[in-house]
Amino acid sequence: MKLLAFETATEACSVAIYVDGEVRERFEIAPRRHAELALPWAGQLLAEAGIARSQLDAVALSRGPGAFTGVRLAIALAQGIALALDRPLLPVSTLAVLAAQVPPPAALAGEGGCDIGAPHAILAAIDARMGEIYTGTFVRQGDGLQATTDESVVAPADYRLPGDASGWIGMGTGFAAVEGALASALHARFARIDPQALPHAADLARLAVEAWQRGEAIAPERVEPAYLRNNVALTLEEQKALRASR
């Protein structure tokens, strides 16, 4: 299996190549430089792996939610390459890519109250700006990762964590958004929170391979971004109301 993966949905830009179980990645926190970096990195990674674009089986992309321009860029890059090569796409949730950074349960045994072998409940949260966050919950058991709720966009103060269990693991910039409102409200139910975590294309590539094995590859023209909201900017009145509430 050989695939190229683009992750540009946040301030971090990363590209990875997966070749028969080996992953190579370029990663940089580079706001507004994603378009400049992504394609050259892809070329470098292909050269390092010693393969041509024509040898790729598929192209993976982070479909959002995330920054509108970043999500669109990943789709444009992946579609362009896939259409030129007549290859399928493997779109993956950006929140799932973020959650995939959490190691298998055995690797976190004893850390912050994490039990050996117990499934890990994960809340992935990305700063959506405008006083909101993108959220998704997942469970990791062994090497597997499964979504347990729909993705959502919500104000941190309005978010409700499912169930009443503790020992959750929190990942992403949503925990630092709006002066850390989400972390402050839910800290008692979390064993660990990483508010600086950003998605990586290496994790995207691994999740995409799993999706390939499940038969989830799609034609390039069928890819749909996960924006979760239609408003890209607050009106002047909404900005004033937000400032007044802080």
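Is D20 buried or exposed? In this predicted model, D20 has a relative accessibility of 52%, so D20 counts as exposed, the cut-off being over 50%.

Let's look at another group. The side chains of R24 and E48 meet in a salt bridge at 3.8 Å, N to O. Here R24 belongs to strand 3 and E48 to helix 1 (residues 34–49), 24 residues apart. E48 also meets R26 in a salt bridge, this time at 2.2 Å, N to O, and R26 sits in strand 3, 22 residues from E48. Through shared partners, salt bridges join E22, R24, R26 and E48 into one network. R24 is partly exposed at 27% relative accessibility, as is E48 at 38% and R26 at 21%.

Now turn to strand 10 (residues 168–171). W168 and G170 point one way from this strand, I169 and M171 point the other way, and all are buried. Strand 10 pairs in the parallel sense with strand 6 (residues 120–129) over three bridges, and I169 is the bridge partner of I122. Strand 10 also pairs in the parallel sense with strand 11 (residues 190–194), over four bridges, where G170 has I193 as its bridge partner. Together with helix 4 (residues 177–186), strands 10 and 11 make a right-handed β-α-β unit.

Definitions and conventions
Residues are numbered from 1 along each chain as its sequence is written. This is a predicted model: local features need pLDDT of at least 70, side-chain atom pairs count only at pLDDT 80 or more; totals for chains, interfaces and linings use all residues. Side-chain values use heavy atoms; hydrogens and water are left out. Buried means under 20% relative accessible area, exposed over 50%, partly exposed in between (1.4 Å probe, protein chains only). Helices (H or I, at least four residues) and strands (E, at least two) are DSSP runs, numbered from the N terminus. Two strands pair if DSSP finds at least two bridges between them. A crossover is right-handed if, with the strands pointing away from the viewer, the path from the first strand over the helix to the second runs clockwise. A salt bridge is a side-chain nitrogen of Lys or Arg within 4 Å of a carboxyl oxygen of Asp or Glu.
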